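Reader: I would like to learn how to read the computed features of a model such as this one, taking each idea in general before its case here. Could we begin with pockets?

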Amino acid sequence: MKGSTKAVLVLVVIALCSALLLSVLSDVLYVSDDDKDNMKLKSVHASAVTERITNVSEKYGEAAENEKYGSVTGVYRCEDGAVIIKAKGTGGYSGGWVETYVAIGKDGVILNVVVSGNKNQSFISSVKQSWLDGQFGGKYADGEFVLNVDVSPASGASKSSNATVNSVNMAIYFYNNVIKNEEALEEENYLKSNVLNENLTKKNKFSESDNAIICGYWESASGKAVVAVKSKGEENAKFYIVISGEKILKIVIVSGFEELRSNESLLNKTLNSDYIGKKKGEYGKGDSGLLADPFDEMVDLAFECYGNIGEVA
């Protein structure tokens with residue numbers, strides 16, 4: 001009797017110790033949903049996530065859904081200006097869905113598409129990363145992809161391919177109808193606070209050169225024009241220039257020219273002496289010569305767009 005009691009006590013102690021050990025290991029090895037998301041996001045796009053929105057339906061309401069494509073389940077803004085949109089695409093095998101992360105750069109180009117989940121997709125393994133890269137990578141997020149027209153189905157997985165395409169299309173729909181509108185509002189607020197404190201009307205004007213592109217154009221009631229110019233190169237330079245009466249009133253450099261921007265007094269001195277108050281062809285001839293090409297080419301492009309009154313893209 002005593003022996004059996006002792007055995008029971010030993011088993012109880014072992015059970016308690018096991019439960020305690022499991023509890024400790026559970027805490028140590030626990031991976032939260034956010035941590036899982038972070039690991040997946042790093043494989044989608046290397047830039048750090050600065051803003052995470054997971055209550056998408058609550059924040060955006062009906063804009064987060066589309067009867068044709070599916071729904072958005074997550075939005076992640078990145079340090080380099082890219083946005084990652086997690087979306088479920090309907091129309092899969094057996095009424096199921098495919099969910100993907102779609103990374104879109106600040107220039108509107110699809111950087112990456114990665115499958116994150118699915119329901120009822122027996123052949124989802126046929127939707128390989130190489131297929132995703134070939135069908136979507138490097139293409140502009142400016143319109144829907146059509147299966148069998150723009151996208152060739154993954155071999156042996158036509159239904160899963162359809163749901164994947166719908167997922168990407170859902171992300172593109174959300175990007176164009178929500179994200180870009182938010183960015184436009186942010187830019188409008190930035191312009192008013194930092195560039196020209198007047199009511200501005202955006203115009204559909206466009207121009208480009210080998211190395212630069214006009215990415216925004218606004219006019220004020222007083223006749224001033226604000227032109228946003230950015231480079232096409234890896235430097236990713238961008239600035240706003242205010243022009244009135246064919247003269248430069250102000251230049252605000254947003255990115256690029258890092259060495260000069262790090263010295264604010266030198267930057268202001270250079271802009272004031274070499275550019276402000278100058279007409280086309282007169283600028284960039286000061287003593288400093290610190291900006292010169294390709295900055296002058298970008299300013300030339302702004303004047304070209306300014307001179308083409310009424311021209312649209």
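Reader: What is the volume of the largest pocket, and how is a pocket defined?

Author: On a 1 Å grid over the protein atoms alone, a pocket is an open set of points with protein on both sides within 12 Å along at least five of seven lines, whereas a cavity is a set of points where a 1.4 Å probe fits but cannot get out. Grid points are joined across faces, edges and corners, and a volume is the space filled by probe spheres set on the points. Here the largest pocket has a volume of about 1700 Å³. Please keep in mind that this is a predicted model, in which local features need pLDDT of at least 70 and side-chain atom pairs count only at pLDDT 80 or more, while totals for chains, interfaces and linings use all residues. Residues are numbered from 1 along each chain as its sequence is written, and side-chain values use heavy atoms, with hydrogens and water left out.

Reader: Which residues lie nearest the centre of the largest pocket, and which element gives the largest share of its lining?

Author: A lining residue is one with an atom within 4 Å of a point. There are 45 of them around the largest pocket, and Lys-106, Asp-107, Glu-183, Lys-230 and Lys-238 lie nearest its centre. Helices (H or I, at least four residues) and strands (E, at least two) are DSSP runs numbered from the N terminus, and the largest share of the lining, 8 residues, comes from H5. At least two lining residues each are supplied by E3, H5, strand E8 (212-220), strand E9 (225-231), strand E10 (238-244) and strand E11 (247-255). By class the lining has 16 nonpolar, 12 polar and 17 charged residues, where Ala, Val, Leu, Ile, Met, Phe, Trp, Tyr, Cys and Pro count as nonpolar, Asp, Glu, Lys and Arg as charged, and the others, Gly among them, as polar.

Reader: Which residues of the largest nonpolar core touch the most other members?

Author: A nonpolar core is a set of buried Ala, Val, Leu, Ile, Met, Phe, Trp, Tyr and Cys residues joined through side-chain atoms within 4.5 Å; buried means under 20% relative accessible area, exposed over 50%, and partly exposed in between (1.4 Å probe, protein chains only). In the largest core, which has 37 residues, Val-72, Ile-85, Phe-136 and Phe-174 touch the most other members. Two or more residues each come from helix H3 (56-60), strand E3 (70-78), strand E4 (83-89), strand E5 (97-104), strand E6 (110-119), helix H4 (129-136) and helix H5 (158-195), and H5 gives the largest share, 10 residues. Another core, of 26 residues, lies apart from it, with Ile-214, Ile-253, Tyr-275 and Val-299 among its members.

Reader: What does Phe-136 contact beyond its sequence neighbours?

Author: Contact means heavy atoms within 4.5 Å. Leaving aside neighbours within four places in sequence, Phe-136 is in contact with Ile-110, Val-113, Trp-131, Phe-145, Val-151, Val-165 and Val-168.

Reader: Which polar contact does the side chain of Asn-112 make with another side chain?

Author: A polar contact is a pair of N or O atoms within 3.5 Å; within protein, one must be able to donate a hydrogen and the other to accept it, and residues adjacent in sequence count only if both atoms are side-chain atoms. The side chain of Asn-112 makes such a contact with the side chain of Gln-129 (3.4 Å), and it also reaches the backbone oxygen of Val-44 at 3.0 Å. Asn-112 is found in strand E6 and counts as buried at 14% relative accessibility.

Reader: Where do Asn-148 and Glu-246 lie, and what is the phi of each?

Author: Most residues other than glycine have a negative phi. Asn-148, in the loop between H4 and H5, has a positive phi near 75 degrees, and Asn-148 is exposed, with a relative accessible area of 62%. Glu-246, in the loop between E10 and E11, has a positive phi of about 70 degrees and counts as partly exposed at 48% relative accessibility.
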